[in-house]
Amino acid sequence: MVKTRELLMTSTLAVGALVAATGCTSDPDVAAPTADASGTPSASMATPTEASSADASPADAEPASAEQATVARYLDAIADGDTAAAWALLSPEAQQFYGAEQTYASVSPTDGTVTADEADVLRDAELVSAEGPEGAFTLVGATTDDLADAWVVRETADGLRVDDAGVPPTGDSLYEWTNPAAGAEDQTAGGAAYDTTTPASISFASPFSQDQTEPSVVGYPDTLWAFVDGQQLGSIDAVSAGSGKRFTTEVGESSGAGRGLTVVWQTGDDSLGWRSSTVVL
């Protein structure tokens, strides 16, 4: 989800490339995400299967994929307060971020990941999916008029798991949305106002500008991948912004209904983990 700070935005949009590796499928009942024959990231959107009746709600429909089913279980666990079940669905990299299940139970309700109240709302929303670059992950998102979130789901040695680590209470190389001015990981109902006259913008502080001896837990990426409600916009390269980096992307004017803009990046060359951040437009 998302949070705060201030920075001016520019309208620079660049398209970059990524080499991302995926794990192998260990669960025989789960098919790993695939890229197309050319290896180009897919921009297709998968929607839930139709319900048995025309007036069935999204909550009544079966998940359209194993990735959506994984997110549905994750939201159910959080909404129901089942920390053990939610923890078991996290990727090894997300678990490593927290260190222990007890820590996750203590800090996750306030660290920008989905809260129990948000999960209760979003589990009734329609789930949409988009494939990440070269099939490295599947992004599963849910959007209401004033709330949005998305989850990176990928194959691990234990099967499909969710990359969903929060923002540390202290630390270096954090990021912040500057349009909308929603901060790092603190999306609340209604969110911050989105200025449609300028591109959406997110900035990262440089770890080299701070007293840091360890790699940043949130990364300092050169490229992000952007998605709006299950549709991939493409990759975005960074531009210099003071001592950090800024990423901007044109998303057009809002139709009045809520839209969820999600950016995804890899946390580091030596990590299989990914991070995502979502704002409501």
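Residues are numbered from 1 along each chain as its sequence is written, and side-chain values use heavy atoms, with hydrogens and water left out. Because the model is predicted, local features need pLDDT of at least 70 and side-chain atom pairs count only at pLDDT 80 or more, whereas totals for chains, interfaces and linings use all residues.

Helices (H or I, at least four residues) and strands (E, at least two) are DSSP runs, numbered from the N terminus. Helix H1 covers residues 66-79, and its 14 residues should span 20 Å at 1.5 Å a residue, the expected span being 1.5 Å times one less than the number of residues. The end C-alpha atoms of H1 are 20 Å apart, which agrees with that expectation. Burial is judged by relative accessible area, with buried meaning under 20%, exposed over 50% and partly exposed in between (1.4 Å probe, protein chains only). By this criterion the buried residues of H1 are Glu-67, Gln-68, Thr-70, Val-71, Tyr-74, Leu-75, Ala-77 and Ile-78. An α-helix has 3.6 residues a turn, so residues three or four places apart point the same way. Just after H1, Gly-81 takes a positive phi of about 75 degrees.

A nonpolar core is a set of buried Ala, Val, Leu, Ile, Met, Phe, Trp, Tyr and Cys residues joined through side-chain atoms within 4.5 Å. The largest such core has 25 residues, and those with the most contacts inside it are Tyr-74, Tyr-104, Val-114 and Trp-151. Two or more residues are given to this core by each of several elements, namely H1, helix H2 (83-88), helix H3 (92-98), helix H5 (116-122), strand S3 (138-143), strand S4 (148-156) and strand S5 (159-163). The largest share, five residues, comes from H1. A second, separate core consists of 22 residues, among them Ile-202, Phe-204, Val-218 and Ile-236. Returning to Trp-151, and leaving aside residues up to four places away in sequence, its contacts (heavy atoms within 4.5 Å) include Val-71, Tyr-74 and Leu-75, together with Val-114, Leu-122, Val-140 and Val-162.

Side chains of opposite charge can pair when their charged atoms come close. With a salt bridge taken as a side-chain nitrogen of Lys or Arg within 4 Å of a carboxyl oxygen of Asp or Glu, the count comes to six. One of these joins the side chains of Asp-76 and Arg-123, at 3.3 Å from N to O. Asp-76 lies in helix H1 and Arg-123 in the loop between H5 and strand S2 (127-131), so the pair ties together parts that are 47 residues apart in sequence. Both partners count as partly exposed, Asp-76 at 32% relative accessibility and Arg-123 at 27%. Arg-123 also forms a salt bridge with Asp-80, where the closest N and O atoms are 3.2 Å apart. This second pair links distant parts of the chain, since Asp-80 is in the loop between H1 and H2, 43 residues from Arg-123. Asp-80 is exposed, with a relative accessible area of 54%. Asp-76, Asp-80, Asp-120 and Arg-123 are linked in a network of salt bridges. A further salt bridge is formed by Asp-163 and Arg-154, with the closest N and O atoms 2.5 Å apart; Asp-163 is buried at 4% relative accessibility, and Arg-154 is buried at 5%.

Rings of Phe, Tyr and Trp (its six-membered ring) pair if their centres lie within 6.5 Å, with planes under 30 degrees apart counting as stacked, over 60 as edge-to-face and the rest as tilted. The structure holds 10 aromatic pairs. The ring centres of Tyr-175 and Phe-204 are 5.4 Å apart and their planes stand at 35 degrees, so the pair is tilted. Tyr-175 lies in strand S6 (residues 175-179) and Phe-204 in strand S7 (residues 200-204), so parts 29 residues apart in sequence are tied together. Tyr-175 is buried at 0% relative accessibility, and Phe-204 is buried at 2%. Trp-225 and Trp-274 form an edge-to-face pair, at 6.0 Å centre to centre and with 70 degrees between the planes. Both Trp-225 and Trp-274 are buried. Elsewhere, ring pairs link Trp-87, Phe-97, Tyr-98 and Tyr-104 into a cluster.
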